[in-house]
Amino acid sequence: MIEIKPNIQHKSNCPYSGQPLTPIRVFWPGMQICVISKCSDCNCEFIEGLRVAHSVHSPYQIDLAKKVIWSNENNKEWFVKPLLEALQNPENEELEIQKEVFRECRRIIVLNCIDYLYGHCFLKLLNAQRHLDSDSDCGLVVIVPKFLRWMVPEGVSEVWTVNISLHKGSCYYPSFENFVAEQFRRYDEIYISKAHSHPSQFDITRFTRVPKHNFEQKEFKISFVWREDRIWCNSLLFRILRKVKMLYLGSAIQNWKVRRLFEKMRKRLPEAKFAVVGLGKTSKFPEWIEDHRVDKFDAKTEIEMCKVYATSRLVIGLHGSNMLLPSGHAGMTLDLIDKRWGNFAQDILYQETDPRLATFRYRFLPVQMSISVLANIAAWMMLSYCEFKSQMTADVVDLVPGEE
């Protein structure tokens, strides 16, 4: 946590003079949380990222007057330049913000989940559990975009729900900044959550209220996570189809590949049920494949999808934020990656702590792999998991007290 009231816990040096900067105030454009700092030596002011979320490992400084940026190259293009552009072009729209107060507190921790990517918003929210369990002396205030309100866990002190779309998540809204500044007057002490980009300690059921997969259940599904903006087909072909606005052909190819995969697995696993789950209903499937796809996500449809994931012994899908909830609820996961190997495992919610079982349950394969090989791997995962687990955990026994 980082304190911002009564003292701003932030240290940095002037990029011009090298002298320590004095933090003046916290500045909250929306997705990012910034500090306005000033150099007493050269009298310049800077906008700096408070060391939270993606700024923890990628600090930056902006001289807004001169439009100069200091940051590492990894985050400059996607993180800092958009902030500078947003600051130069503020959104004058008055954001709709709903404030829910469940418990009045004078000392609070603020967890900001606004972002322009769904996965970023969701992963930030998972930090809530750590604060609820370890920082009970402070109230937790969660700021979420409207589409994420249903997933806020029980026990928070306040929820500020912001009616903002993902594509506007990186914009600067003066109305939001003013709202936050006005609310902060209510508290004596304010801390900002680090909002780690990939928290490791959480129980997904506290957020979705949907149980995880039960391996003891006799009936089970194998589900494919469907999306139509990232299609299971040749990447060059996908780019061409997107450019000529004929993605429906890509969806048809994806449909054929899913059916072929399921047909091959069905021969090895006749007792299994099969399903497609996700966003977009282009093309149709045969009756033996359950179709749980929707045209639009909302709280109700996402909860229903989580229930499908929970009954799935295995989920298969293309790498991306679409795999977060499926991997968090299903028994096992096959993640198909094209060129995003640098983002390895960032879309998976591991529900296994034993390293051997984790490598069995969560697998990452190239999207170019043939359907036959993929079907064989998936089938063996299904057929051999129980035996594998028994062998790998045979030395984990509960001894009767006094026995050796």
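This is a predicted model: local features need pLDDT of at least 70, side-chain atom pairs count only at pLDDT 80 or more; totals for chains, interfaces and linings use all residues.
Residues are numbered from 1 along each chain as its sequence is written, and side-chain values use heavy atoms, with hydrogens and water left out.

The protein has 11 helices and 17 strands; these are DSSP runs numbered from the N terminus, helices being H or I of at least four residues and strands E of at least two.

Leu-237, Phe-238, Leu-241 and Arg-242 of helix 6 meet Leu-247, Leu-249, Gly-250 and Ile-253 of helix 7, where contact is heavy atoms within 4.5 Å. Between residues at least 6 apart in sequence, 63% of the protein's contacts join residues at least 24 apart.

Next, the backbone. Lys-5 and Pro-6 are joined by a cis peptide bond, with omega about 15°. Pro-6 sits in the loop between strand 1 (2-5) and strand 2 (22-27).

Two residues other than glycine have positive phi: Lys-67 at about 60° and Ala-195 near 45°. Are they buried or exposed? Lys-67, in the loop between strand 5 (60-63) and strand 6 (68-71), is exposed, at 52% relative accessible area. Ala-195, in the loop between strand 11 (189-192) and helix 5 (205-208), is buried, at 4%.

Definitions and conventions. Buried means under 20% relative accessible area, exposed over 50%, partly exposed in between (1.4 Å probe, protein chains only).
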